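Please take me through this model in the viewer, one selection at a time. I would like to know what to pick next and what is there.

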Amino acid sequence: MAIAPFRAALWNWSVDGPLTPGQIRAGLTAVLGRPVVALSDAVADQFPDDAVLCDVWQGAGEFPVTVDCYAAPAELSETRVLAAFARRVRRRCVLPDDTLDPSRHLLISPDGTMRPVHLDIEPTSYGDQRSNLRPCSLVDPGCHNGVSCGASRWGPDSVVPARAAA
């Protein structure tokens, strides 16, 4: 398998509860309609060209399961795919948003609703630990005065309902 330039997308997000790598790959396969292969099993000539490579590991914190997808389909919106995945597995998920603020993420609820949030990030020997989930809101002085929160397409206090996220 050669990873074509138009499929060079990388997705990275975390899940709030116990899901096995197999459950994550199965959920993504159902949502994407294409095979999702464990990165550790990636032998180029043994799986389809449209396969997505997926690495999953367990950490700690409020969102202990970290997921990386390599060769993700660039023609699909990561947020919409993750909203469909969250609905399918009935778990909350977070992904970094568009601000470059390491504490700021998008929270995607099991119903597919999206909203900006902040998390404390603590590096550990097994990956980043995400904790202290709190809304990104204008009542928070850090969000109200912060340049990055207001510059995001998901401004403080914004909510994208599930129907719009689908």
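This is a predicted model: local features need pLDDT of at least 70, side-chain atom pairs count only at pLDDT 80 or more; totals for chains, interfaces and linings use all residues.

Which residue just after α1 takes a positive phi? Select Gly33: its phi is about 70°.

**Helix α1**

Select residues 21-32. This is α1, with 12 residues, and from its first C-alpha to its last it reaches 16 Å, close to the 16 Å expected at 1.5 Å a residue. Now colour Ile24, Gly27, Leu28 and Leu32, which are buried. These residues are on the same side of α1 because they cover an arc of only 120° around the axis. An α-helix has 3.6 residues a turn, so residues three or four places apart point the same way.

To see what covers the buried residues of α1, show β1 (9-15), β2 (36-38), β3 (52-58), β4 (65-72) and α2 (78-89), which are included in that cover.

Keep Leu28 selected and display its surroundings. Beyond the neighbours within four places in sequence, Leu28 is in contact with Trp13, Gly33, Val36, Cys54, Cys69, Val81 and Phe85.

Next, select Trp13, Ile24, Leu28, Val67, Cys69 and Phe85. Of the 28 residues in the largest nonpolar core, these touch the most other members. Two or more residues of this core come from each of β1, α1, β3, β4, α2, β5 (93-96) and β6 (104-108). The element that gives the most is α2, with six residues. Apart from this core lies another, of five residues, including Phe63, Val94, Leu107 and Leu119.

Is Ala84 buried or partly exposed? Ala84 counts as partly exposed because its relative accessible area is 21%, and buried means under 20%.

**Two non-glycine residues with positive phi**

Go to the loop between β5 and β6 and select Leu100. Leu100 is not a glycine, yet its phi is positive, at about 70°. With a relative accessibility of 83%, Leu100 is exposed.

The last stop is strand β8 (residues 127-135), where Asn132 lies. Asn132 is not a glycine either, and has a positive phi of about 60°. Its relative accessible area is 38%, so Asn132 is partly exposed.

Methods: Residues are numbered from 1 along each chain as its sequence is written. Side-chain values use heavy atoms; hydrogens and water are left out. Helices (H or I, at least four residues) and strands (E, at least two) are DSSP runs, numbered from the N terminus. The expected span of a helix is 1.5 Å times one less than its number of residues. Buried means under 20% relative accessible area, exposed over 50%, partly exposed in between (1.4 Å probe, protein chains only). The arc is that of the directions from the helix axis to the C-beta atoms. Contact means heavy atoms within 4.5 Å. A nonpolar core is a set of buried Ala, Val, Leu, Ile, Met, Phe, Trp, Tyr and Cys residues joined through side-chain atoms within 4.5 Å.
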